[in-house]
Amino acid sequence: MQIETRPLRVEDYPGLVETMKRAYPQMSEYVWSKKSIEKLTRIFPKGQICITVDGKLAAVALSIIVNYDEFGDDHTYSDITGNYTFNTHTSTGNVLYGIEVFVDPEFRELRLGRRLYDARKELCELLNLRSIILGGRIPNYHKHSELSPREYIRRVRDKEIYDPVLSFQLSNNFLPIRVLKKYLPEDESSKENAVLLQWNNIYYSKKPNTMQDSIIRLGLVQWQMRHFKDIDAFYEQVEFFVDVMGDYKADFVLFPELFNTPLLAPFNKLSERDSMIELAKLTEEIKMKISDLAISYNVNIISGSMPVFENNDLYNVSYLLHRDGRIDEYRKIHITPNEKKYYGMKGGSEIRVFDTDCGKIGLVICYDVEFPELPRILADQGMKILFVPYLTDTQNAYMRVRHCAAARAIENECYVAIAGCVGNLPGVNNMDIQFGQAAVFTPSDFAFPSNAVKGEATPNTEMTLIVDVDLNLLKDLHHNGSVQVMKDRRKDLYETYLK
């Protein structure tokens, strides 16, 4: 005998109908429609579980994820399922709600129901959901209708009465919360009553934006170049954007490359390199000030990039300022001919992903994204979101960054967010014009926008772009995508690696 627990498929529908009719002979006219099964397996494939015995469908469990606070403990089956449309399902919910379980009577001695419940519990833990909740039928209640539902539940719990559904759920550590009246009108055996039951996930983390959370909110700043009367005015503008993103509960704020170069104005009589060295003297103060903002507004900030002067060398450095106070840095590796000519900048030498409270991210600066090997190495290290602050003067320069960023999203099965400066900055050498359009790019498959662009700003206008990205879609793409780029590489012929 071979028993297999696996996701339910649409092709299983004929077997599902026959199994459900045998499990519920008194309710055989209420079998699930094929349209409902098609939708459930599409919107939440992991939540639809079945067991086969020697290839024959023997047991099924159906579930959705809901924001339980929207319903509370007093609801009906129709309420929780959106009148059977399942539009109440959301990947950002906090509760796994069981909407169906049945086992073919022929196989009940195999304890398949327990296997289904164990699979549900494992899924609840995997998705970091708070609990499993369900409205359990009490099919033997009609035999004891002289008892109140409350008394009936007590006697079942004390094993004075056996109920095939409630006794089973209690044995699987589900706790009764309350009686639901008129929960399922067609359930005559239960007298339209149900018992609201709950199993709590002891591993659930209440901390928002943990590694298991799937929806990450990105806030991109399209920064207008302008003169500031002093550094306090610059800080005021930075804090304005951080404050806005904090109000929108962003997880990350991305500023552009060299967004602090308006502060070069007082040094304009110096050579380009010497003026950049003077600006670099402000970097430590600016870094710490923005770190304070990250903590105060509870948002991770990628501070675009700023110059750093060290051992007589200039570097183009981006800081990742975590909302818990940690600080990471990335030094631009690929230096443009312009940066070499005017500033004598040197390239960094460290390639690594950064661990954040939203998972692993990558960070490269402008020209870096035009070298596919670098993001590929980061993807191999687990990167799911790549941030690219840039500074481009003309539209053709911007298009190089944009098209390369979009390609990196497809070939590395990740999201790529880009943000740059816009407008003009007269009176600052080599920083006079800018062209930019912030955007977030996705892989190109059915789960993503058809043009693989999650969101984009208006070109050359100061504004913010706020976009939600779903990490679970990347997981599904990796395993079930129309193409599976990361899996299908010919590593027997070629490989990208760190020296």
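**Close-up views of a predicted chain**

**Figure 1. A polar contact links the side chains of Lys332 and Glu257, at 3.0 Å.** A polar contact is a pair of N or O atoms within 3.5 Å; within protein, one must be able to donate a hydrogen and the other to accept it, and residues adjacent in sequence count only if both atoms are side-chain atoms. The model is predicted: local features need pLDDT of at least 70, side-chain atom pairs count only at pLDDT 80 or more, and totals for chains, interfaces and linings use all residues. Residues are numbered from 1 along each chain as its sequence is written, and side-chain values use heavy atoms, with hydrogens and water left out. The side chain of Lys332 also makes a polar contact of 2.9 Å with the side chain of Glu339.

**Figure 2. Lys332 sits in the loop between strand S13 (327-331) and helix H10 (337-343).** Helices (H or I, at least four residues) and strands (E, at least two) are DSSP runs, numbered from the N terminus. Lys332 is buried, at 1% relative accessible area. Buried means under 20% relative accessible area, exposed over 50%, partly exposed in between (1.4 Å probe, protein chains only). Leaving out residues up to four places away in sequence, Lys332 touches residues including Asn316, Lys346, Ile365, Tyr367 and Asp368. Contact means heavy atoms within 4.5 Å.

**Figure 3. The largest nonpolar core has 53 residues.** Such a core is a set of buried Ala, Val, Leu, Ile, Met, Phe, Trp, Tyr and Cys residues joined through side-chain atoms within 4.5 Å. Leu218, Leu220, Ile385, Phe387 and Ile418 have the most contacts inside it. Beyond four places in sequence, Ile385 touches Ile216, Leu218, Lys360, Ile361, Gly362, Tyr415, Val469 and Leu471. Another core, of 43 residues, lies apart from the largest one; Phe234, Phe259, Ile286 and Val299 are among its members.

**Figure 4. Helix H4 covers residues 112-126.** At 1.5 Å a residue, its 15 residues should span 21 Å, and the end C-alpha atoms are 21 Å apart, which agrees. The expected span is 1.5 Å times one less than the number of residues. Buried residues in H4 include Leu112, Leu116, Ala119, Arg120 and Leu123. An α-helix has 3.6 residues a turn, so residues three or four places apart point the same way. Asn128 follows H4 and has a positive phi, near 55°.

**Figure 5. The whole chain holds 14 helices and 22 strands.** Of its 499 residues, 53% count as buried. The C-alpha atoms fill a box of roughly 95 × 50 × 35 Å, taken along the principal axes.
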